Amino acid sequence: MVKSLVGELVKRDTRFRTGFILMIIIVFMSILSFFSPVDPYSTYYAPVNRPPSLKYWLGTDSRGQDVFWMMTFALKNSIVFGLIAAAVSRLIALLFGTISGYIGGKTDSVLMIINDSFITLPVLLVIILIGMVFRRLSFFPLAIVMGLLGWPWDSRLFRSQILSLKERKLTYTARFSGMSTFSIIFKIYFPHLVPVFLSTFINNMIWSLGLEVTLSVLGLTNLQLPTIGTTIYWANQHQALILGVWWWLAAPIAGAIILFTALYLLSVSINEYVDPRIRYQQGSF
Amino acid sequence: MVSGKVVGYVIGRIFQCLVVIFISTTVVFIIPRMATDMSPIESAISRAMAQGQYTDPRAVEQLRNTLEVAYGLEGTVFDQYIKFWGNILRGDLGPSFSSFPTPVMDLIRNSLPWTVGLLLVTTVLSWVIGNILGGIVGCNRNKRWAKGLEVTINALRPIPYYIMALLLLIVFSYILPLFPSGGAYPIGTVPRRDWSFFADVLKHAFLPGLSLLLVGIGGWFQGMRTLVSHIMGEDYVVYAKLANLNKKDVFSNYIMRNAMLPQITGLALQLGMIFSGTLITEIVFNYPGLGLLSYNAILRSDYNLIMGVTILSIVAVSFGTLIIDLIYPLLDPRIAY
């Protein structure tokens, strides 16, 4: 299902293709981090504030680090971060959405009130509060916390999908041919949810990565670990712009723009594919 | 018109809103109590001390006591919980730790007008601009200028907000010194009620406002464009066009009127979110609203202040959606209770 979806979109949609290529570049950069000659935690192994050159492709920063290799680590960590947050939140959203959509009635009302309560929580402030309570949030806990807070919008989406699937003929056919509830949900419904799952997965990655940049710029994350956000934090701390070390800020900004553009293009393209009206128009349901 | 059913719905909806506020505020109550290694009070005090400012020992002792009272950390968790609600219902969010003993409510009251002023204007403006542009582009999907506009607006969307704000500041304040680099009014002036002060406020709000507009328009634009391009295919629009009705009438009464409804719900949520402030905007542009207040609260470990702003935001968002749900039938005659 996923494979055919990706294949079809690559063939048909320029935006998807562009996004896909940009994403490959980002992934390639982050894989390079495993072959890095430098340790991301060590500093002052290179001369400081050198502009981009043949030896240091993206220059060096005021902490004596090679910006190119630091960016490979930053991109890797940012992607891993987004993947964890999105995976955790998808799991909760899927559970909440399917259960409340499928069972309906009182269970549905109760679950949806809990759902709406999480929608009203101001996520940034709550994460800041959690960060203050536990001093500083390190990488994995922060990703998990974002997962725990990032699901309520999408669980509503899953719920409405299930609600509409429930009324369709395929449910009755399955029910009357003796399928159990469990296998109806897993075998009949889930394949239908895949496109929505993918597009919300990517959107959630955009959201959590944006929050990570915000929190890091504020200095609330684990600042030793290179990510897009912490790189900007250190560049700001060392007043890179005033010193004219522009490449130190330009690298993470360019990385962020490429990464976000790639994710955005992928999600828009999948989203349009999800909309049945557009699919019907193109006759490929 | 007002039947028992309507009253029943309204009461049910208000009840639901209160339950939502109750649950999410409870989550906010639980978070500080999850600290395993250290009580929030000790960690707040040690953090406050670590800032290197001189603190009077008596003030520390008083701080500890008020912290216990403010957190409601004396007694069992259940007692604490009851007290927590008692305080909130009286509108008392406790004292601020960083500017002790000023009540959190007073600090919020001072910052709120700046944030609400800035965000109200930019949220409504970006909603209006985004929807109108989205509607026009949706109606003229195949024209070249419409495609160009769409690509431009979409190109702005994936840029992380912080980076956009920083770029605006660098370009329009340092490279081309057209606008002040921060603050809400010139340093050294006192807020007055006259035109020159108002003009200064506008000039200071321009860059933060522009950054919020640029980020805000994209979402509304995309949503509206999609909605309108769906409605364009509906039978009644096709019929109206075939009947050769006035194009402007078709656009505003047939297309926009219908596409507007989902967007209004979105606007209500967005307006509710005004009350959590915009942390990054206010930090980058040094704008003295709720966001900057929260930022200072983070720097000085002022839990009470953060909790106060959080709770305020929860209440605002919940009431925002409640109000929009209640007035929705006025906007959409198809919906009846």
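**View 1. Arg225(B) and Glu150(B) meet in a salt bridge.** In this predicted model, the closest N and O atoms of the two side chains are 3.3 Å apart; a salt bridge here is a side-chain nitrogen of Lys or Arg within 4 Å of a carboxyl oxygen of Asp or Glu. Arg225(B) sits in helix α8 (residues 195–231) of chain B and Glu150(B) in helix α6 (residues 144–156) of chain B, so the pair ties together parts that are 75 residues apart in sequence. Helices are DSSP runs of H or I with at least four residues, strands are runs of E with at least two, and both are numbered from the N terminus. Arg225(B) and Glu150(B) are both buried; buried means under 20% relative accessible area, exposed means over 50%, and partly exposed is in between (1.4 Å probe, protein chains only).

Residues are numbered from 1 along each chain as its sequence is written, while chains are lettered from A and ligands numbered from 1 in the order in which they are written. Because the model is predicted, local features need pLDDT of at least 70 and side-chain atom pairs count only at pLDDT 80 or more, whereas totals for chains, interfaces and linings use all residues; side-chain values use heavy atoms, with hydrogens and water left out.

View 2. Over all chains the count comes to seven salt bridges. Asp154(A) pairs with Arg90(A), and their closest N and O atoms are 2.6 Å apart. The side chains of Arg156(A) and Asp116(A) form a salt bridge with an N to O distance of 3.0 Å. Arg156(A) is partly exposed at 32% relative accessibility, whereas Asp116(A) is buried at 15%.

**View 3. Phe158(A) and Phe197(A) form a tilted aromatic pair.** The structure holds 23 aromatic pairs over all chains. In this one, the ring centres are 6.5 Å apart and the planes stand at 35°. Rings of Phe, Tyr and Trp (its six-membered ring) pair if their centres lie within 6.5 Å; planes under 30 degrees apart count as stacked, over 60 as edge-to-face and the rest as tilted. Phe158(A) lies in helix α7 (residues 152–166) of chain A and Phe197(A) in helix α9 of chain A, so parts 39 residues apart in sequence are tied together. Phe158(A) is buried at 0% relative accessibility, while Phe197(A) is partly exposed at 26%.

**View 4. Trp114(B) and Tyr287(B) pair edge-to-face.** Their ring centres are 6.2 Å apart and their planes are at 90°. Trp114(B) lies in helix α5 (residues 104–139) of chain B and Tyr287(B) in the loop between α11 and α12 (290–299) of chain B, so the pair ties together parts that are 173 residues apart in sequence. Both Trp114(B) and Tyr287(B) are buried. Tyr287(B) is also one of the residues that Glu282(B) touches; the others are Thr115(B), Gly289(B), Leu290(B), Gly291(B) and Leu292(B), not counting residues up to four places away in sequence. A touch, or contact, means heavy atoms within 4.5 Å. Glu282(B) is found in helix α11 (residues 279–284) of chain B and is buried, with a relative accessible area of 0%.

**View 5. Trp85(B) belongs to an aromatic cluster in chain B.** Trp85(B) has its place in helix α4 (residues 77–89) of chain B and is buried at 16% relative accessible area. Leaving aside residues up to four places away in sequence, Trp85(B) touches Ile21(B), Phe22(B), Thr25(B) and Thr26(B).

**View 6. Chain A meets chain B through 35 residues from chain A and 49 residues from chain B.** Together they bury about 3,800 Å², 78% of it on carbon and sulfur atoms; buried area is the accessible area (1.4 Å probe) that two parts lose on being put together, summed over both. Across this interface the rule finds zero salt bridges.
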